[in-house]
Amino acid sequence: MKTSAAILPAEPAATVSREERARRLAMRYSASDARDILAHAIGQEFAGGIALVSSFGAESAVLLHMVAEIDRTLPVLFLETGKHFAQTLSYKKKLVQRLGLSDVRELRPDGDALAAQDGQGDLWKRDADACCTLRKVRPLDGALKAFDAWITGRKQFHGGGRAALPAFEANATHIKVNPLIRWGKDDVEAYMLAHDLPRHPLTGQGYPSIGCWPCTHPVAAGDDVRAGRWRGAAKTECGIHGR
Ligand code: SF4
């Protein structure tokens, strides 16, 4: 889908609220493709003040590849929870090398808070929300203070609260850019094939969505993409998108 996004000026950030700015951007780019949305957000609208947050999971290679084609030096934030599958860490290394990403930052939980709240490393069993807050939400909140906006890989077909996502949305502190909202499984697959992108090793073992190992399980064919996340619990999101 061709658009004129590259020649449009940035929204006047200083004169409108964050919510209004996101609303205007979402309308303006409602028919644009993912690359145009990204190019505008990275090169114009939030130039120098935007980062990609990536889990290096099952579908992450698509957005990482698009970003690398626009700006390999863009900060990429990875939540190093200490609970990732070894396969995720090896996949991350492989993708970073392949794509030439030069500013991948590992965000870790605060050491004192970790010792105080999760000395045995089993907080996920007792209170998954507290574990996600400690290992994901707080480290990301700290890192995002350096940015005005961040890019996510969320897609409407993932369901739940993602079904009606706009391409730009505001929360209490930032604008979130969601370039892949309208992408489906087939789009992801086609892009992976077209660019010969490596696969996360667990996708071939029934894991269509991959997070921390204690909270990620394989799913049956035909199940929702995120059905294996926090399986058996009411929890469906880690909390980084909850504000
Ligand atoms: S996904 Fe599980 S292990 Fe990872 S931070 Fe959340 S509760 Fe803890």
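## Salt bridges, cavities and a ligand: worked exercises

The side chains of Arg135 and Asp118 form a salt bridge, with 2.5 Å from N to O; a salt bridge here is a side-chain nitrogen of Lys or Arg within 4 Å of a carboxyl oxygen of Asp or Glu. The model is a predicted one: local features need pLDDT of at least 70, side-chain atom pairs count only at pLDDT 80 or more, and totals for chains, interfaces and linings use all residues. Residues are numbered from 1 along each chain as its sequence is written, and side-chain values use heavy atoms, with hydrogens and water left out.

**Exercise 1. Work out which parts of the chain Arg135 and Asp118 link, and whether the two are buried or exposed.**

Step 1: Arg135 is in helix H7, while Asp118 is in the loop between helix H5 (111–117) and helix H6 (123–126), so the pair links distant parts of the chain, 17 residues apart. Helices (H or I, at least four residues) and strands (E, at least two) are DSSP runs, numbered from the N terminus.

Step 2: Check accessibility. Arg135 and Asp118 are both buried. Buried means under 20% relative accessible area, exposed over 50%, and partly exposed in between, using a 1.4 Å probe and protein chains only.

Step 3: Look for shared partners. Salt bridges join Asp118, Asp122, Arg126 and Arg135 into one network.

**Exercise 2. Find what the salt bridge between Glu106 and Lys92 ties together.**

Step 1: Start with the contact. The side chains of Glu106 and Lys92 come to 2.6 Å, N to O.

Step 2: Glu106 is partly exposed at 37%, whereas Lys92 is buried at 11%.

Step 3: The whole structure holds twelve salt bridges.

**Exercise 3. Say which cavity holds the ligand, and describe the ligand's shell.**

Step 1: On a 1 Å grid over the protein atoms alone, a cavity is a set of points where a 1.4 Å probe fits but cannot get out, and a pocket is an open set with protein on both sides within 12 Å along at least five of seven lines; lining residues have an atom within 4 Å of a point. Grid points are joined across faces, edges and corners, and a volume is the space filled by probe spheres set on the points.

Step 2: Pick the cavity. The ligand sits in the second largest cavity, meaning more than half of its atoms lie within 2 Å of the cavity's grid points. That cavity has about 120 Å³ of space.

Step 3: Read its lining. Among the 14 lining residues, Cys131, Cys132, Lys136, Cys212 and Cys215 lie nearest the centre. Helix H7 gives the most, five residues.

Step 4: Turn to the ligand. Ten residues surround the ligand, the closest being Ala128, Cys131, Cys132, Cys212 and Cys215; near means a heavy atom within 4 Å. Helix H7 (residues 128–144) brings the largest share of this shell, five residues.
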